[in-house]
Structure formats: C-alpha cells, structure tokens
Amino acid sequence: MERLPKVGIPIILGIIILIVIIAKSVVTIDSGEAGVLYKPFDDGVVTDEPPLGEGFQIVAPWNKVFIYEVRRQELKEIMNVLSSNGLDIKLEASVWYKPQATNLGKLHQEIGEDYLNRILLPTIRSAARSVVGRYTPEQLYSSKRDAIQAEIFDETQKIIKDQYIELDEVLVRDVTLPATIKEAIERKLKQEQESLEYEFRLISAQKEAERQVIEAQGKSDANRILSQSLNDQILKDKGIEATLKLSESPNSKVIVIGSGDSGLPIILGNN
C-alpha cells in the first residue's frame, strides 16, 4: 500500500476529533425525561433556566447533562411500625411522586440524583410510624385505613414541600396484624355483630307485641261500641231482614212467624 501523504494524517485526525466533539455535544433525552445542564467552566449547575426537554440537545462538549425521569413514579414500601399499644404492625404502602420539572436544577444541586433514598423514602417511613402509632390494632384493622393514608400524605407533604418533589398520592395497600391479634379482633367483631342482631330481634319483637296490643285494644273498643249501640228493636229488624233473604232461597223450608224468643221467626226445613 502506498503511504498516505503527510497532509492526509492531520485531516484524518481532524475528522476523528470532530466526530468525538459531535458525540460529546449531542445529548438524547427520551420521552418523559428532562436534563439538568452542568457547566464546569461557568457557574456549575444551571438553576436559572428551564431544564433541557425531550429530543436531541446540543451542548458544549465540556459540559455535562444529568437526565431525570419527570413522569409520575411509584414507590412501594413494606414497613414494620408500632401501634399505639406497642404491637408490631406490617404496613404495605405505595407512594406516587415525581420531581418538580421546573426546579430540576435546584433538586440536582441541593439533593442530587438519589433524592428518593435521601429524602422521600426516610420521610415516608417516619410519617408512617408517627401516624400508625396513634391508632389501636382494632382501628387499623377495621375502619381507619383511609384516615391513615390521608395523614401519612399530609405529614410527608409538610416535610418535602420545599424539597422540589411533588407528592401525588399515598395508598395503604395492606395492614398485617399478628395472627393472634387478628383472630381476637375477628372474634370481637363477630360477637358485636351477633349482639347487634340480637338487639334488633328484641326491638322487632317488642314492636310486634305493641302492634298486637294496639290491634286487640282496637277490636275491644269496636265490640264495646257496637254492643252499646244495639237494642231489641235493632235485633228484631236484623232478624226480619235475615228471614226475608232466607225466604227467597230456592231451598225448601218452613217459616213460622213469631214463634221464637222475642217474637223472631223460627225457620224449619231441609235441603
């Protein structure tokens, strides 16, 4: 092979250097990410400008870009905490969070890329221990899960509100009690339910008894009023009306007028 001319070597070297510079200058930021620009020969981390957005970004080859995910992310954590009476409770929670995109430079400068383990995770653990410690196992097992997750959210939010982290939601997915405590609580709840059912049956029986008393009293009053309104003449008239209706019947009969007690008819006959 012919030896390259001396002028060709610098050209090749220049092309190589140019390729390296271009490779160092082009930064690709994927969807859902943003970049923090660091200028070692200037003021360091850029905090007074918006972070670099998605796509290709051209920067000076001596500068550096730190890429952060700015989409909502989920942190799952299982913690051992103590109830108000000192019992060990296992709490499983999910935390939805994301860094504040507008303050990404300040987050990188003051806290760093590991903000999850430095700030958010310790805060969630501390808030969970503080909140759960206010409740008894019975409350944790039955009706206080929504209250717990709301309080954990509020306490965490107070601590991280100036830490350039957005907290979207805290979800308590499971509360696990010691087996013996759980069984005792379930027995207690069952007894309370049976007691409520028995009380309901007693109230229903009492109301039914009251209804029957009222109904009997009404019938008694009706009979008393009816008996007071009847007299001999009314009874005779009723007897005559019954006699007339029976006399119209096609069945054979013998009607003796005025032969009964008080002059009422006597009806004799066969079918």
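Before the pairings, a word on terms: two strands count as paired if DSSP finds at least two bridges between them, and the helices (H or I, at least four residues) and strands (E, at least two) are DSSP runs, numbered from the N terminus. This is a predicted model, in which local features need pLDDT of at least 70 and side-chain atom pairs count only at pLDDT 80 or more, while totals for chains, interfaces and linings use all residues. Residues are numbered from 1 along each chain as its sequence is written, and side-chain values use heavy atoms, with hydrogens and water left out.

Let me begin with β2, residues 33-39, which runs antiparallel to β5, residues 64-69, and is joined to it by six bridges; within this pairing, L37 has V65 as its bridge partner. β2 is also joined, by two bridges and again antiparallel, to β3, residues 44-45, where Y38 is partnered with V45, and β2 and β3 form a hairpin with four residues between them.

Turning to the open sheet, its three strands follow the order β6-β7-β8 with antiparallel pairing. Because β6 (73-82) and β8 (165-176) stand at the edges with a single partner strand each, one side of each is left without a neighbour in the sheet. β7, residues 88-99, pairs with β8 over ten bridges, and S94 stands opposite L171 of β8.

Finally, helix α5, residues 145-160, packs on this sheet, touching β7 and β8, where contact means heavy atoms within 4.5 Å.

Note on methods. Axes are lines fitted to C-alpha atoms, for helices over the stretch in contact, and angles run from 0 to 180 degrees between N-to-C directions.
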